Amino acid sequence: LACSGQYGQIFLAGHDEAKTTKAMKDIQQSGSLSKLEFLPLELASLESTRKAASIFQDLKIPLHTLICNAAVMALPERRVTADGFEFQFEVNYLS
């Protein structure tokens with residue numbers, strides 16, 4: 001998408017700013033002309049998900065394409081989020 005020339009601005013959401021920033025640099029080095037921006041988002045937190053959505057809505061720009069690429073599967077131990085949901089369920093479905 002970033003190299004297609006069809007998107008002037010692309011937001012990369014993630015919980016690890018350093019890794020996301022590195023990915024953004026890699027995308028830019030591959031020839032992308034799109035403006036890339038980091039959007040903080042921790043999918044294991046409904047509060048973080050709401051905050052990220054609010055940040056984007058406050059920009060008052062249209063959302064043309066949304067790609068959801070995060071997933072958790074087959075955790076070795078059952079984990080529960082601060083919201084009280086099973087970790088995999090919240091990350092993959094609720095957030």
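E90 touches L43, A44, S45, L46, T81, D83, F85 and S95, leaving aside residues up to four places away in sequence. The model is predicted. E90 itself lies in helix α3, which covers residues 87–94.

E90 is buried, yet has no salt bridge. The nearest side chain of opposite charge belongs to R50. A salt bridge requires a side-chain nitrogen of Lys or Arg within 4 Å of a carboxyl oxygen of Asp or Glu.

By this rule the model holds 2 salt bridges. One joins D26 to K22, and the closest N and O atoms are 3.0 Å apart. Both D26 and K22 lie in helix α1, residues 17–29. They are 4 residues apart, about one turn of the helix. D26 has 38% relative accessibility, so D26 counts as partly exposed. K22 counts as exposed because its relative accessibility is 53%.

E37 forms a salt bridge with K35. Here the closest N and O atoms are 3.3 Å apart. E37 has a relative accessible area of 23% and is therefore partly exposed. The cut-off for a buried residue is under 20% relative accessible area.

How values were computed: Residues numbered from 1 in each chain as written. Predicted model: local features only at pLDDT ≥ 70, side-chain atom pairs only at ≥ 80, totals over all residues. Heavy atoms only, no water. Helix = DSSP H or I, 4+ residues; strand = E, 2+ residues; numbered from the N terminus. Buried < 20%, exposed > 50% of the residue type's maximum accessible area, 1.4 Å probe, protein only. Lys, Arg positive; Asp, Glu negative; His and termini not counted. Contact = heavy atoms within 4.5 Å.
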